Each structure stands twice: as structure tokens, then as C-alpha cells.
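Reader: I would like to go through this structure with you. Where would you begin?

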Amino acid sequence: MPYVPIAQHFYSQPDEVELVKVKLFKQVAYYCLCLHLLFIFAFWYSHVYILSIANIASVAAWATGIYLLNRGHSHLALRVFCVEVTGHSVLVCATLGMDYGFQYYLWTIACMLLLDMKLKLRLAIVLSLSMIVLFALLYELYSTVNTPFMLQEYARSIHFINVFVCGLPMIYVIGHVRESTFIQRRQLAKLAARDPLTNLFNRRYAKELILRAHSSCAHNGQSLCVVMADLDHFKQINDQLGHDMGDEVLQTVSDILREHVTDQDIAVRWGGEEFLLVLVDCTQEEALIRIETLRQTLEKQRFNGEELTATMSFGVALWHTALPFSVTLQLADDALYTSKAQGRNRVTAAHTN
Ligand SMILES: Nc1nc2c(ncn2[C@@H]2O[C@H](COP(=O)(O)OP(=O)(O)OP(=O)(O)O)[C@@H](O)[C@H]2O)c(=O)[nH]1
């Protein structure tokens with residue numbers, strides 16, 4: 001399947017990997033342009049005029065590629081590079097033979113071709129393989145070519161340098177693309193798991209975590225508590241001080257929630273101003289003490305300078321391992337409702353027996 005960018009709007013930026021790839025191609029293109037400039041003089045000095053002229057064409061090709069990269073046509077640029085490298089390798093091998101290692105550039109371009117996301121994978125593989133076949137064919141065709149050449153005595157050194165010069169961009173580009181893929185994968189995993197405003201787990205992702213925590217606790221004979229928490233009169237904060245202040249309150253409250261849970265516990269933004277905590281290896285008595293401490297901390301917190309306070313109501317239910325999550329959640333929710341009904345800013349234990 002050809003690569004389809006995730007961001008599809010007209011004004012969307014290309015994704016991170018694509019941006020890194022274009023940046024790397026540009027660096028490699030400048031590197032190759034300089035290299036070919038050098039070759040113009042090296043071959044002219046060695047009286048191999050045909051190769052000197054060919055290198056002028058190569059410089060033009062790399063400059064065209066850079067222009068295309070700057071205009072956002074990375075796939076076209078890659079194709080120009082591909083034609084240049086193929087033509088150039090064949091021409092140099094046909095002129096000087098195989099001793100100088102100019103055939104190795106075909107390996108580099110074979111790898112780069114696989115990064116042309118506009119090509120279907122199958123076609124990219126076929127083209128890459130063709131480069132490798134061509135590489136082998138060059139040995140069949142030009143192994144016997146032995147044109148006298150001023151730099152002939154340096155053949156081994158030139159061969160070594162060419163191997164190195166070909167390998168360098170290959171390792172550099174693939175290494176960087178690999179790194180940016182990892183970074184993007186981490187970012188995507190975070191986006192899939194976290195609520196962007198509060199950085200707490202989102203509801204969808206948390207459900208998986210909760211079920212795993214439940215079966216682990218059931219297996220280890222540990223108790224588990226479910227806590228529903230809801231900000232009190234949050235609508236008034238939004239209405240009186242604006243949505244941005246509301247968001248700030250949500251963020252600070254989330255920070256406080258995070259500070260009051262362990263690494264094993266699960267803190268979730270369950271809905272707008274509603275949060276869920278799953279306290280692992282925690283009895284209902286312990287949960288009530290911990291949540292009461294949390295409630296008091298929040299009560300003391302000041303927002304909007306010193307002007308604003310925010311409180312929360314809580315419902316705490318012990319999760320009997322035989323019960324499904326939905327039942328325990330309902331119990332915690334009922335207890336939360338009781339907290340609200342009794343005047344808010346309080347913690348209520350669910351009756352689970
Ligand atoms: N700023 C902000 N507000 C939100 C967000 N999500 C939900 N809200 C607001 O949260 C408010 C919830 O209001 P209600 O459900 O009436 O609850 P409440 O005012 O907290 O009242 P009680 O729960 O009964 O104490 C609504 O005004 C929503 O617009 C958000 O991400 N940011």
C-alpha cells in the first residue's frame with residue numbers, strides 16, 4: 001500500500017518522519033553535490049574528460065533534486081537522484097572498470113528507494129532489487145575493463161574511500177529515520193493513552209488498564225478500590241471566569257490527583273470534570289483516608305491569584321473481585337451522588353455488602 005499521511009487536511013503539515021526524511025535527503029543531496037564537484041576537478045586533472053563532463057551533469061542533477069526537495073516534491077527528487085546515481089555508476093564502471101568501487105553507489109540508492117513512500121512497497125522492492133542486480137551485472141560486463149588512468153596506482157585507496165562514502169549516507173539516513181519513527185511511535189502511544197488537557201489516562205485506554213489491574217489483584221489476593229470524583233459547581237467557574245480558567249483548574253486538579261496516587265494506581269479523566277481513580281492493593285478504609293487527604297489538599301489550593309477555590313465530591317467503592325467493573329463503578333457513582341446531595345466537598349463510602 002502506498003504511504004498515506006495521517007494528517008489529511010489541505011493545511012496539514014507532513015508528518016514528523018516525512019519532515020525528517022526530507023531534511024536528511026537535503027543533507028545527503030548537498031553532500032553528493034559537493035562530492036561531484038570534487039570529481040569534476042579530479043577527473044579533469046586525471047584527463048578523463050568524459051567523466052569530468054558527466055560530473056557536471058551530476059551536479060546539475062543533484063541541484064535539481066535539492067530544488068525539488070525545497071518545493072516539497074521529495075519523491076520526484078529521489079527519482080532524479082536514482083537516475084543520476086545509476087547512470088553515473090554505469091558510466092564510471094564502463095570507463096574505468098570495477099577496481100575503484102563506484103558501483104557501490106547502487107547499494108546506497110537501493111536503500112534510499114525504499115524510503116520513497118509514494119511508491120508501492122512491491123514496486124520499491126523491485127526497483128531496489130534491480131539496482132542490486134545491476135550491481136552484479138556490472139561485474140560481469142566491466143571486470144575486464146582496465147583503462148590506463150593517472151590515479152590508477154591509488155585504485156585501492158579510491159575503492160576504500162568510495163565504499164566509505166557510499167556507506168555513510170546509508171547509515172546516516174536509515175539511523176535517523178529509525179530514530180524519528182521511534183519518537184513518533186512514542187508520541188502516538190501517548191496520544192492514544194492520555195487526555196491532552198490533563199495528561200491523565202483517557203477513558204478508552206484506562207478500561208484496558210483497569211481490567212488488567214483487576215485480574216492481577218484477583219490473582220494476588222489484593223483488594224482494589226474504585227473512586228469517582230467530580231468537581232463541585234464547575235459550571236460556575238467556567239461561566240464566571242471563562243473556559244481558560246476552567247481548563248487551568250482541571251489541570252491543577254489533575255496534578256493533585258497524580259500526586260496522591262501510586263505508580264500502580266490508575267488515574268483517569270473519565271469525563272469533562274469527572275475523574276476516576278483505581279487504587280490498587282488498597283482496602284476501603286485505606287482508600288477513605290487517602291481520598292480524605294486528597295480532598296483537603298484540593299480544598300486548600302488557590303486559583304486565579306488567591307481568589308478562587310475549587311472542591312470535589314468523591315464516592316469510594318471496594319471492588320469485590322467477583323463483581324464486574326460496571327457494578328463497582330455504579331456503586332462508586334451512587335456514593336458520589338450521595339456526596340453531592342449532602343452538600344458536596346465530601347467523601348462517601350459505597351455500601352458494597
Ligand atoms: N473549561 C472546561 N470546562 C469543561 C470541560 N469539560 C466539561 N466542562 C464543563 O464542565 C461543566 C460541568 O457542569 P455540570 O455538569 O453542570 O456540573 P457542575 O457545575 O460541576 O455541578 P455539580 O457537578 O452538580 O457540582 C460544564 O459547564 C462543561 O462545559 C473542559 O475540558 N474544560
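**Strands, ligand shell and loops**

Author: In β6, Gly315 has Thr348 as its bridge partner. Please keep in mind throughout that the model is predicted.

Reader: Which residue of β6 is the bridge partner of Val316?

Author: Val316 has Ala349 as its partner there. β5 and β6 run parallel and are joined by three bridges.

Reader: What packs on the sheet around there?

Author: Helix α11, residues 325–341, packs on the sheet and touches β2, β5 and β6. The direction of α11 makes about 145 degrees with that of β5.

Reader: Let us step back to the whole sheet. In what order do the strands come?

Author: The order is β1-β3-β4-β2-β5-β6, six strands in an open sheet with mixed pairing. β1 and β6 (347–349) are the edge strands, each pairing on one side only.

Reader: How many bridges join β2 to β5?

Author: Seven bridges join β2 to β5 (residues 312–318), and the two strands run antiparallel. Within this pair, Val227 stands opposite Val316, and Asp230 stands opposite Ser313.

Reader: And in which sense do β2 and β4 pair?

Author: β2 and β4 (residues 274–280) pair in the antiparallel sense, over seven bridges. One of the partners is Leu279 in β4, which is the bridge partner of Cys225.

Reader: Is β2 mostly covered or exposed?

Author: β2 is mostly covered, as eight of its eight residues are buried. Both of its faces are covered. Leu224, Val226, Met228 and Asp230 are buried on one side, and Cys225, Val227, Ala229 and Leu231 are buried on the other. As background, side chains in a regular strand alternate between the two faces of the sheet.

Reader: Moving to the ligand, which residues are closest to it?

Author: The closest are Asp232, Phe234, Lys235, Gly246 and Gly272, out of 16 residues that surround the ligand. The elements giving two or more residues to this shell are β2 (224–231), α8 (234–241) and α9 (243–259).

Reader: Which element gives the most?

Author: α9 does, with four residues.

Reader: Next, the backbone. Where does His233 lie?

Author: His233 lies in the loop between β2 and α8. Its phi is near 45 degrees, a positive value in a residue other than glycine. Most residues other than glycine have a negative phi.

Reader: Why does His233 count as partly exposed?

Author: His233 counts as partly exposed because it has 14 C-beta neighbours inside 10 Å, and that class lies between 12 or fewer for exposed and 20 or more for buried.

Reader: What is the phi of Asn199?

Author: The phi of Asn199 is near 65 degrees, also a positive value in a residue other than glycine. Asn199 is found in the loop between α6 (155–193) and β1 (201–202). With 15 C-beta neighbours inside 10 Å, Asn199 counts as partly exposed.

Reader: Finally, how is the protein divided into domains?

Author: Domain 1 covers 16–192 and domain 2 covers 201–349. Taken over C-alpha atoms, their centres are separated by 58 Å.

Note on methods
Residues numbered from 1 in each chain as written. Predicted model: local features only at pLDDT ≥ 70, side-chain atom pairs only at ≥ 80, totals over all residues. Near = placed C-beta within 6 Å. Domains from an automatic or database assignment. Pairing = 2+ DSSP bridges. Contact = placed C-beta atoms within 7 Å. Axes fitted to C-alpha atoms, helices over the stretch in contact; angles between N-to-C directions.
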